[in-house]
Amino acid sequence: MSLQIDENGRLRHLLDLATLPVTAMDALLRRAQAFADGAQVSDALSGRAVCTLFFEPSTRTRLSFQLAAQRLGAQILNFDASTSSATKGETDLDTFRNLQAMGVRGFVVRHKADGAVAALAQATAPGVAIINAGDGRSHHPSQGLLDMLTLRQAKGEDFSKLKVVIVGDVKHSRVARSDLHALRALGCGEIRVCGPATLLPDDDTLHGCTVTGDFDAALNGVDVAMMLRLQRERMVEGLVASLDDYHRDYGLTAVRLRRAAADAIVMHPGPMNRGIEITDEVADGPQSWVLRQVANGVAVRMAVLEAVLS
Amino acid sequence: MSLQIDENGRLRHLLDLATLPVTAMDALLRRAQAFADGAQVSDALSGRAVCTLFFEPSTRTRLSFQLAAQRLGAQILNFDASTSSATKGETDLDTFRNLQAMGVRGFVVRHKADGAVAALAQATAPGVAIINAGDGRSHHPSQGLLDMLTLRQAKGEDFSKLKVVIVGDVKHSRVARSDLHALRALGCGEIRVCGPATLLPDDDTLHGCTVTGDFDAALNGVDVAMMLRLQRERMVEGLVASLDDYHRDYGLTAVRLRRAAADAIVMHPGPMNRGIEITDEVADGPQSWVLRQVANGVAVRMAVLEAVLS
Amino acid sequence: MSLQIDENGRLRHLLDLATLPVTAMDALLRRAQAFADGAQVSDALSGRAVCTLFFEPSTRTRLSFQLAAQRLGAQILNFDASTSSATKGETDLDTFRNLQAMGVRGFVVRHKADGAVAALAQATAPGVAIINAGDGRSHHPSQGLLDMLTLRQAKGEDFSKLKVVIVGDVKHSRVARSDLHALRALGCGEIRVCGPATLLPDDDTLHGCTVTGDFDAALNGVDVAMMLRLQRERMVEGLVASLDDYHRDYGLTAVRLRRAAADAIVMHPGPMNRGIEITDEVADGPQSWVLRQVANGVAVRMAVLEAVLS
């Protein structure tokens with residue numbers, strides 16, 4: 001029992017993958033695969049109101065959740081709380097409580113502050129669910145789940161012999177953290193993490209991982225290369241010397257990809273910076289599963305919404 | 001018969017509470033109570049298109065109407081006319097006529113100019129309804145109705161012995177004006193108005209009210225304290241010396257609230273400035289009906305939309 | 001067979017009227033007339049997701065498509081790609097591919113660059129349709145179709161004796177270009193084009209048209225005056241000396257309109273600059289079909305969405 005799982009063992013909120021039982025993770029992935037295979041449930045959430053409540057803007061994630069909610073028959077509202085006029089100086093908690101009082105039953109929340117989404121979950125009324133759509137650098141559980149679904153489709157359910165490399169700005173990435181939690185929970189054989197020292201975390205985020213700054217070495221024989229987006233602000237902050245340097249050292253090219261296993265797949269959470277962390281040839285090549293990730297995102301979010309709301 | 005009531009005595013538009021017959025007000029409140037009690041009418045407005053047309057932004061009021069419209073099965077569109085690119089120099093009337101020509105049947109309109117919403121009601125085609133979601137300092141009828149519904153739930157339908165105090169920036173408040181119209185129409189026993197002289201209107205808005213600048217005196221024995229939001233721009237305009245001064249003189253604290261009746265309730269139209277017109281202790285305390293107001297807002301707006309559109 | 005028409009002769013995308021077979025144009029217009037007459041098809045697109053993808057903002061066109069999609073029972077999403085945060089430096093093609101991967105089946109696309117919408121149509125998966133909602137100065141086919149529907153309603157289906165004048169900034173107008181393609185395809189008897197030399201195109205856009213700078217002469221005996229919006233930026237660019245001069249030379253007044261046939265109609269794609277290209281008296285007068293155009297817009301867009309998606 002926890003904030004995420006209720007006394008009957010059911011998913012109440014989806015806040016993080018770090019504390020999500022592996023049985024719950026597996027159940028969500030199986031249901032998501034059924035949706036990816038075309039399972040129809042057009043009225044599972046009929047009459048239920050779901051609100052995207054984004055304190056930090058993100059059009060793509062919002063639309064993915066919106067499509068998932070609509071396919072389940074839910075009513076969907078969008079509240080862009082990232083503009084000051086939307087909340088008029090109101091506290092985040094008051095904004096949330098107001099929408100809850102209006103009868104919204106599901107909240108898809110993004111926030112720039114670590115822990116802010118879990119804090120809202122503490123304030124929910126019975127029957128109201130929170131889904132974390134990304135908080136700070138901490139968690140992005142639906143992204144972690146869609147990445148795991150993609151891995152299962154490509155490599156099967158047994159991850160014990162899988163070699164995965166995560167490349168880039170792990171330090172600032174909630175995607176990387178959620179993937180690491182999920183890969184460990186699902187028993188991934190070997191996790192490598194690669195990036196410039198300035199972009200690697202110095203806490204226990206990387207426990208159990210092989211860490212290196214040498215991208216060529218890190219790619220040797222991997223089954224999966226998970227590329228991360230390089231935020232351009234890292235250059236302004238002095239963490240990266242130049243985009244050219246970054247591309248030279250950590251950009252995935254077709255030549256470099258040959259170091260990986262012949263059937264290795266390439267993943268990226270999007271949006272891609274083409275020519276920086278990934279070349280066109282790789283992004284659009286036969287080993288790219290990037291668009292499959294996007295498709296799986298809707299299936300995973302359907303499974304999550306259904307689990308917490310029906 | 002008037003702009004609001006048609007020749008058959010039915011509600012055609014909802015523009016203000018000042019000229020709304022008390023029978024119409026009572027009918028809306030009874031229907032709203034049924035919705036608050038869970039009455040289902042998921043297809044009352046099926047196939048009908050409702051558009052929120054906001055010439056002044058307001059996310060919360062828009063979402064409340066949107067939820068109400070969706071629960072009635074209506075199609076909902078949002079037109080944020082407060083950004084210049086939305087209307088490209090077009091007149092408000094042309095913007096309205098265009099949406100009307102597209103087949104929109106219900107318009108939820110907010111405008112910063114007094115009378116601008118009623119002006120659009122003059123231009124409606126047969127079968128098209130306007131709901132005033134706030135114009136200038138004049139009217140906010142759905143807020144007035146939801147406040148009356150909240151009062152009925154807390155204090156019963158007979159208002160003749162009720163003592164209500166309205167506190168704060170009454171001068172610039174359409175909420176206060178709509179509440180005053182409704183309280184008078186429903187026969188409220190005693191209406192007190194309290195605030196600094198700079199924020200009280202000098203016209204006939206307050207006729208029949210007891211007016212004072214002494215908040216402690218005004219609170220003595222009241223059944224209801226309706227707190228108003230203090231817009232921070234009032235300080236820039238020199239109408240309020242400082243937020244600290246305002247809080248000291250007109251902020252509702254737990255200590256002050258003891259002057260009211262033991263079962264007095266506290267109301268606020270939101271969003272609250274915590275620490276200014278109201279303390280956390282009061283806002284979140286057992287006498288606060290603030291979130292009940294929010295919940296009643298959806299029920300009232302369902303009743304209004306159903307009345308004018310079905 | 002072309003990008004717009006598939007091997008079975010069915011409409012696959014709507015990109016332009018220049019290459020649309022007249023039989024396809026006629027079929028769309030007939031179906032649109034049925035919708036204008038009240039034909040009901042509330043679940044033709046049930047479960048289908050349609051996304052408005054606007055790389056250039058346009059609230060009115062977006063809402064018209066949204067209403068059309070909702071009437072057909074489609075799920076509608078809006079992606080305003082004109083704000084930089086929406087796409088985060090992603091290419092237009094990646095933005096499109098992502099939405100397509102999410103399962104969106106119909107895209108209503110506006111773009112400021114000529115040809116950008118047709119380029120996306122090259123990248124569609126099977127079963128995915130693109131509708132051009134305006135690209136650069138080139139095409140605005142749904143506007144052209146709604147103008148033709150309006151002409152048919154006013155003047156009948158035989159255009160062979162029709163005299164039409166198009167007035168204003170033809171050079172920068174995708175509306176004018178789409179109207180010209182459609183008028184020629186439907187056999188319009190005489191097409192006159194009138195405007196200052198600086199606002200007339202010098203390519204083959206006007207082939208087959210009578211071109212003049214003399215508005216009074218151009219109006220003589222016409223059955224239809226199609227007025228274009230004058231973008232105020234034309235003055236900044238030095239293409240128009242002043243709005244007063246433009247109004248004097250090319251503004252349609254009630255006096256000028258007497259030169260046209262007694263039953264001539266006046267059209268305008270909106271939003272109107274009242275007092276510049278058209279006076280209030282004409283815009284709101286008995287010969288104005290401007291709001292009828294707006295109403296026809298929804299009917300035409302229903303016909304287009306139904307044709308490409310069902």
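What percentage of the 310 residues of chain A count as buried? The figure is 55%. Keep in mind that this is a predicted model.

**Chain A by itself**
- Chain A is built from 13 helices and nine strands.
- Its radius of gyration is 19 Å, and a compact globule of 310 residues would come out near 19 Å, so the two agree.
- Laid along its principal axes, the C-alpha trace of chain A spans about 55 × 40 × 35 Å.
- Take the contacts in chain A between residues at least 6 apart in sequence: 76% of them join residues at least 24 apart.

**Where chain A meets chain B**
- Chain A puts 18 residues into this contact, and chain B puts in 18 residues as well.
- On the chain A side, strand S2 (75-80), helix H3 (84-87) and helix H4 (92-101) each supply at least two residues.
- H4(A) gives the largest share of that side, with four residues.
- Sorted by class, the side of chain A that touches chain B has eight polar, six nonpolar and four charged residues.

**Where chain A meets chain C**
- Here too, the contact takes 18 residues from chain A, with 18 residues coming from chain C.
- Helix H2 (59-71) and helix H13 (290-309) of chain A each bring at least two residues to the side that touches chain C.
- The largest share of this side comes from H2(A), at seven residues.
- By class, the side of chain A facing chain C has nine nonpolar, seven polar and two charged residues.

**How the copies are related**
- As background, two copies of a chain are related by a rotation about an axis plus a shift along it.
- For chain A onto chain B, the turn is 120° and the shift along the axis is 0.0 Å, giving an RMSD of 0.0 Å.
- That is what a three-fold axis does.

**A closer look at H4 of chain B**
- Helix H4 (residues 92-101) of chain B has seven of its 10 residues buried, so the rest of the structure largely encloses it.
- The buried residues in H4(B) are B:Thr95, B:Phe96, B:Arg97, B:Asn98, B:Leu99, B:Gln100 and B:Ala101.
- After H4(B) comes B:Gly103, which has a positive phi, near 105°.

Technical notes. Residues are numbered from 1 along each chain as its sequence is written. Chains are lettered from A and ligands numbered from 1 in the order in which they are written. This is a predicted model: local features need pLDDT of at least 70, side-chain atom pairs count only at pLDDT 80 or more; totals for chains, interfaces and linings use all residues. Two residues are in contact if their C-beta atoms, placed from the backbone, lie within 7 Å. Ala, Val, Leu, Ile, Met, Phe, Trp, Tyr, Cys and Pro count as nonpolar, Asp, Glu, Lys and Arg as charged, and the others, Gly among them, as polar. A residue is buried if 20 or more other C-beta atoms lie within 10 Å of its own, exposed if 12 or fewer, and partly exposed in between; C-beta atoms are placed from the backbone. Copies are superposed by least squares on the C-alpha atoms of residues with pLDDT of at least 70 in both. The radius of gyration is taken over C-alpha atoms; the globule rule is 2.2 Å times the number of residues to the power 0.38.
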